[in-house]
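This note sets out a few points for a colleague who is new to the structure. Please read them beside the sequence and the model shown here.

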Amino acid sequence: MSKICQITGKQAMGGCNVSHSKRRTKRSFDVNLFRRKFYWVERDVWIELNVSAAGLRTINKIGLDAALKQAAEKGYLY
């Protein structure tokens, strides 16, 4: 499973470690992902999602059903 949030679509970014002498080496900035189970009331079923911290806040703000519809429209669910 790749490190992509299924609600917001956030994924790992590339960047550089910069030492004191300004030497640059490649690194990746991973997403703050969690594997969480949610109870989907509309369908009466438990679902398991890879969700970032921002995705959890989105679900708390607009609700699970609306967040899943929004993610499906944008193509983030797999």
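1. Trp46 is placed in strand S4, residues 45–52 (strands are DSSP runs of E, at least two residues, and helices runs of H or I, at least four, numbered from the N terminus). Trp46 is exposed, with a relative accessible area of 58% (exposed means over 50%, buried under 20%, partly exposed in between, with a 1.4 Å probe and protein chains only).

2. The model is a predicted one: local features need pLDDT of at least 70 and side-chain atom pairs count only at pLDDT 80 or more, while totals for chains, interfaces and linings use all residues. Residues are numbered from 1 along each chain as its sequence is written, and side-chain values use heavy atoms, leaving out hydrogens and water.

3. The largest nonpolar core has 11 residues, including Trp40, Ile47, Leu49 and Leu68 (such a core joins buried Ala, Val, Leu, Ile, Met, Phe, Trp, Tyr and Cys residues through side-chain atoms within 4.5 Å). At least two residues of this core come from each of strand S3 (33–40), S4 and helix H2 (64–74).

4. Which loop holds Lys22? Lys22 is in the loop between strand S1 (13–18) and strand S2 (24–29). Although not a glycine, Lys22 has a positive phi of about 70 degrees; at 56% relative accessibility, Lys22 is exposed.

5. Asp44 belongs to the loop between S3 and S4. Asp44, also not a glycine, has a positive phi of about 55 degrees, and Asp44 counts as exposed at 56% relative accessibility. Most residues other than glycine have a negative phi.
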